[in-house]
Amino acid sequence: MRPRIKVLTLAVNDLERSLAFYRDGLGLPTKGIIGEEFEDGAVVFFHMGDELILALYPAPSLSKDAKISVTKAPLGAVSIGHIVNSKDEVDTIMKQATDAGGRRHRPRVRSFLGRLFRLLP
């Protein structure tokens with residue numbers, strides 16, 4: 001079977017703040033918030049290449065769509081890593097991301113994959 005996963009959707013509590021973080025902080029390309037003319041339709045799409053899309057959807061809208069209860073607790077089983085090539089690039093991206101509203105939840109770490117960091121919007 002050919003893999004067909006094309007969209008990864010994150011529930012967010014503040015769509016505009018999350019848009020700023022991913023667009024301005026991490027430099028992901030987007031057309032911004034679309035679908036506001038539809039009830040529970042506002043969404044942000046980031047085209048990640050290779051036909052993969054990262055979507056941000058307000059948590060109440062996603063919960064309604066999935067027919068589950070809204071929760072304020074962050075989902076700890078999901079992690080998005082941003083892989084870079086050098087310590088200088090880590091420092092540059094960390095500054096860019098924190099300037100856009102991100103916050104470190106742990107220090108930068110080096111792993112077997114190279115240099116990684118994780119930020120929360």
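This is a predicted model: local features need pLDDT of at least 70, side-chain atom pairs count only at pLDDT 80 or more; totals for chains, interfaces and linings use all residues.

Biologist: Noted. Which residues of H3 are buried, then?
Modeller: Four names here: Val90, Ile93, Met94 and Ala97. Looking down the axis of H3, those buried residues sit within an arc of 105 degrees, so they line one face of the helix. The exposed Asp88, Lys95 and Asp99 are on the other side of H3.

Biologist: How many residues does H3 have, and what is its reach?
Modeller: H3 covers residues 87-99, which is 13 residues. From the first C-alpha to the last, H3 reaches 18 Å. That is close to the 18 Å expected at 1.5 Å a residue.

Biologist: What comes just after H3?
Modeller: Gly101, with a positive phi of about 105 degrees.

Biologist: Let me zoom out. How many helices and strands does the protein chain have?
Modeller: Three helices and nine strands. Along the sequence, the pattern reads β-α-β-β-β-α-β-α-β-β-β-β.

Biologist: And what share of the residues is buried?
Modeller: The protein chain has 121 residues, and 31% of them count as buried. As for contacts with a separation of 6 or more, 52% join residues 24 or more positions apart.

Biologist: Sheets next. What is the order of the strands in the open sheet?
Modeller: The order is E1-E4-E3-E2, four strands with mixed pairing. The edge strands are E1 (7-12) and E2 (30-34), and each of them pairs on one side only. From one strand to the next, the twist averages 20 degrees.

Biologist: Remind me, what do strands of a sheet pair through?
Modeller: Backbone hydrogen bonds, either parallel or antiparallel.

Biologist: In what sense do E2 and E3 pair?
Modeller: Antiparallel, over three bridges. Strand E3 spans residues 43-49. Thr30 has Phe46 in E3 as its bridge partner.

Biologist: Which strands does helix H1 lie across?
Modeller: H1 (residues 15-25) lies across E1, E2, E3 and E4. Strand E4 is 52-58, and H1 runs at about 150 degrees to E4.

Biologist: And which strands does H2 touch?
Modeller: H2 (residues 59-66) packs on the sheet and touches E1 and E4. The direction of H2 makes about 100 degrees with that of E4.

Biologist: Why do Asp50 and Glu51 count as exposed?
Modeller: The cut-off for exposed is over 50% relative accessible area. Asp50 is at 80% relative accessibility, so Asp50 counts as exposed. Glu51 is at 58%, so Glu51 counts as exposed too.

Biologist: Switching to aromatics. How many aromatic pairs are there in the whole structure?
Modeller: A search finds two. One is Phe21 with Tyr22, an edge-to-face pair. Their centres are 4.9 Å apart, with 85 degrees between the planes. Phe21 and Tyr22 are both buried.

Biologist: How are the rings of Tyr22 and Phe46 arranged?
Modeller: Their centres are 5.9 Å apart and their planes are at 50 degrees, so the pair is tilted. This pair links distant parts of the chain, with Tyr22 in helix H1 and Phe46 in strand E3, 24 residues apart. Ring pairs join Phe21, Tyr22 and Phe46 into a cluster.

Biologist: Why do Tyr22 and Phe46 count as buried?
Modeller: Buried means under 20% relative accessible area. Tyr22 is at 9%, so Tyr22 counts as buried. Phe46 is at 0%, so Phe46 counts as buried as well.

Biologist: Last one. How far apart are Tyr22 and Ala97?
Modeller: In sequence, 75 residues. In space, 7.9 Å from C-alpha to C-alpha. Tyr22 is in H1, and Ala97 is one of the buried residues of H3.

Technical notes
Residues are numbered from 1 along each chain as its sequence is written. Side-chain values use heavy atoms; hydrogens and water are left out. Helices (H or I, at least four residues) and strands (E, at least two) are DSSP runs, numbered from the N terminus. The expected span of a helix is 1.5 Å times one less than its number of residues. Buried means under 20% relative accessible area, exposed over 50%, partly exposed in between (1.4 Å probe, protein chains only). The arc is that of the directions from the helix axis to the C-beta atoms. Two strands pair if DSSP finds at least two bridges between them. Axes are lines fitted to C-alpha atoms, for helices over the stretch in contact, and angles run from 0 to 180 degrees between N-to-C directions. Contact means heavy atoms within 4.5 Å. Rings of Phe, Tyr and Trp (its six-membered ring) pair if their centres lie within 6.5 Å; planes under 30 degrees apart count as stacked, over 60 as edge-to-face and the rest as tilted.
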